[in-house]
Amino acid sequence: MGQEASQSSAIEVRGLTKSFGDRLALKGVSLTIARGESVVIFGPNGAGKTTLVKVLATILKPTSGRVLINALEVKSSAEAIRRHIGVVTHQTFLYGNLTAYENLDFYARMFDVPRRRERVQEVAALVGMTSRLHDRVSTLSRGMQQRISIARALLHKPGIMLLDEAETGLDPQATGLLWSAMRTGENGEPRTIILTTHNLERGFALCDRLLIMGQGKILYEASRQVLDLTGLIEAYQHCTGVRI
Amino acid sequence: MKRLILWGLGLVLMFLALYLVFLYAPIEKVMGIVQKNFYLMVPMGWLSLLSYFVIFIGSIFYLTKRDRKWDDLAYSAAEVGIIFTSLALMVGSIWARPIWGVWWAWEEPRLTTTLVLWFIYLACLLVRSLTVEEGRGATFAAVVGVIGFIDIPFVILSTSLWRGMHPPLIIFEEGGLDPRMRLTLMLSIVAYTVLYVVILMQRVAIRRDEAEVKKLKGLVSQES
Amino acid sequence: MSFWSKVIAITRKDALSELRTKEIISAVLVFALLVILIFNFAFGARPEAVDLVASGMLWVTFAFAGVLSLNRAFIVEKEDNCLDGLLICPMSREVIYVGKVLASLLFMLIVEAIALPVFALLFNLPVLTAQLIGITVLVTIGFVAVGTLFSALAVNTKAREMVLPILFLPIVIPLIVAAVKASELALAGKSWGELYPWLPIIISFDVIFLVVAYLIFAFIVEE
Ligand SMILES: Nc1ncnc2c1ncn2[C@@H]1O[C@H](COP(=O)(O)OP(=O)(O)OP(=O)(O)O)[C@@H](O)[C@H]1O
Ligand SMILES: [Mg+2]
């Protein structure tokens, strides 16, 4: 993406709050993510992980605080930011009545992707779905739909991936395969990734850095180097008060 | 303090209006004593329109500023508005009975317009309580409020043209109104408008208190 | 021009999906025909009666058919949360509104294009005149302009299907009044000039509500 952006961090969040009516879902989150870094967010249900991802994805507007993505402000440059990010969640954003190809073609149009047909074939190959490309999405298995959803998020070659429980429905082998598809950027450099998951083990294996959220706040933050899996589990139990 | 003065002013104006209506204004020759109803009907009709204007202002500012106080205003105006609109319908119906011999006259565009307004008020109030995610109800009600307000000229125009009448450009199109009657009408309108403002302010204040109580309850339950 | 190419992409996507399932058009069409059938029994098909109520019948049918079809417009977008998928596309929120308006307009016009001749045939009415077709198209634009906005709102409420008529019908009453009156005149063989003042009311309703709904739409899909 832009040259000027490469000097600054990929994502910068300062004092972010988000309220739904009277309920505060995010209570002052601050976070900096460097280019190419992969950060995993853990936390119990209702911690605010999805809300944070949705704010970064410009689906939700921040109530207060600053959010910069590739040095662009979400409040003023949401449209430009959307070109830099790919979003995969446990919901696929796919239309069940259309075929996988038609879905990908539709999103390619929405992202102004050049040479649509070739690009759709490319991403379909990347997620291993070339053979079922012309089947209706509603006739595909849950994991296959998730693969198409990942292909959808890669169409416009985003530099940042936001993954909210993106492994939903995927078998262990596919998870590894698709992880590397999402992690490896167009020019071989790693993509910046934020992911949320409830699987401590897998999340730990994939990340450079990990965060634990609870009740709308970041409770714990550590680089993977300083921690092993048992350390993570201890920290998780300590932060959330949950025994695992 | 300001509210107290308004209360007092409203009270005085109310009594003055009553005096004018029953002792000062002459009895209409054709319709007789029934015509006194008019001094209640016109203010009610006026308030059901005015309330919509308040909703519109509240809604627009809520959408742009996202400040809760504007939503409180819009919500209160909808609630108070639907009461006055219901009253307008009742009074209109009581008026229709002796004049046209029926309880409801579709020929009367102002009555029909008021009925449509009543349904739009209802939509405004219902959409809020039917919204799943709390917090979005206020936004949705504001959207309905804006659309409803813009709809009003169309409602007035179409319901009056519907029965081949000219749209009532002013409320007092009865040209040959006795000057004493006109004075009485004007004063009634002012008195009821003051009453409306007082009730509206009271409702907004109550709503603020409700929110405060809810917040405190939340804090208490968090403590324990 | 990216605005319009994305609008068309949304409309095309909805049309493609409809082409495959035919769920909106077929259901709404059957509904419209059933309403016409029931009216026939309710009012008796005597020519005098038909002349009196024909135009009202037509617009009751189309208004309720409109509610039915507009209800579906945003339900598909909620099914796998596709609306969020649209919200992460690089475009303004208004693109979604315009794309959805065009798709709903297309479906409604197809239903009307089939229902109108059936209506003409069953009641022996001169329905296929330029005036009546013109009125139908113009009024449908107004329905869709308001209905698309409220449809996006109604999918976020409890009892989705019940909410749309409660919001939609009071607002379009002026449009229905104008449509009934104008169609009455058109069925009586009146010329364009004699449709005054109803035609200007319909057109200004369309223009004003298209603009206002366009401006206000973003507030509904955003939080
Ligand atoms: N649209 C909404 N309206 C109202 N409240 C919401 C909305 N979305 C989320 N919330 C609230 O915000 C808080 C955080 O929710 P969020 O979905 O971000 O949690 P999460 O960490 O993703 O949980 P999970 O692990 O279950 O996915 C919860 O209390 C939730 O009830
Ligand atoms: Mg979540």
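A: Strand β4 (residues 64-69) of chain A runs antiparallel to β5(A), and two bridges join them. Strands (E, at least two residues) and helices (H or I, at least four) are DSSP runs numbered from the N terminus, and two strands pair if DSSP finds at least two bridges between them.

Q: Which residue stands opposite L72(A) of β5(A)?
A: I69(A) does.

Q: Before going on, what kind of model is this, and how is it numbered?
A: It is a predicted model, where local features need pLDDT of at least 70, side-chain atom pairs count only at pLDDT 80 or more, and totals for chains, interfaces and linings use all residues. Residues are numbered from 1 along each chain as its sequence is written, chains are lettered from A and ligands numbered from 1 in the order in which they are written, and side-chain values use heavy atoms, with hydrogens and water left out.

Q: Back to the sheet. What is the strand order in chain A?
A: β2-β1-β4-β5, an open sheet of four strands with antiparallel pairing. β2 (23-33) and β5 (72-73) of chain A are at the edges with a single partner strand each, so one side of each has no neighbour in the sheet.

Q: And how many bridges pair β9 with β10 in chain A?
A: Six bridges, in the antiparallel sense, between β9 (residues 209-214) and β10 (residues 217-223) of chain A. I212(A) has Y220(A) in β10(A) as its bridge partner. The hairpin of β9(A) and β10(A) has two residues between the strands, and Q215(A) takes a positive phi near 50 degrees there.

Q: Cores next. How many residues are in the largest nonpolar one?
A: The largest nonpolar core has 201 residues, and I11(A), L162(A), L149(C) and F150(C) have the most contacts inside it. Such a core is a set of buried Ala, Val, Leu, Ile, Met, Phe, Trp, Tyr and Cys residues joined through side-chain atoms within 4.5 Å, buried being under 20% relative accessible area (1.4 Å probe, protein chains only). Helix α7 (residues 160-187) of chain C gives the largest share of this core, 14 residues.

Q: What is F150(C) in contact with, leaving aside neighbours within four places in sequence?
A: V144(B), I147(B), L164(C), L167(C), F168(C) and I171(C), with contact meaning heavy atoms within 4.5 Å.

Q: What about a second core?
A: A separate core of 12 residues includes A25(B), V42(B), L177(B) and M181(B).

Q: Now the largest pocket. What is its volume?
A: About 1400 Å³. On a 1 Å grid over the protein atoms alone, a pocket is an open set of points with protein on both sides within 12 Å along at least five of seven lines, a cavity is a set where a 1.4 Å probe fits but cannot get out, and lining residues have an atom within 4 Å of a point. Grid points are joined across faces, edges and corners, and a volume is the space filled by probe spheres set on the points.

Q: Which residues lie nearest the centre of the largest pocket?
A: Of the 45 lining residues, G21(A), Y62(B), R66(B), G135(B) and T139(B). α5(B) gives the most to that lining, five residues.

Q: And the largest cavity, how much space is in it?
A: About 130 Å³. It is lined by 14 residues, with E167(A), T175(A), W179(A), L195(A) and L206(A) closest to its centre. α6(A) supplies the largest share of the lining, four residues.

How values were computed
Buried means under 20% relative accessible area, exposed over 50%, partly exposed in between (1.4 Å probe, protein chains only).
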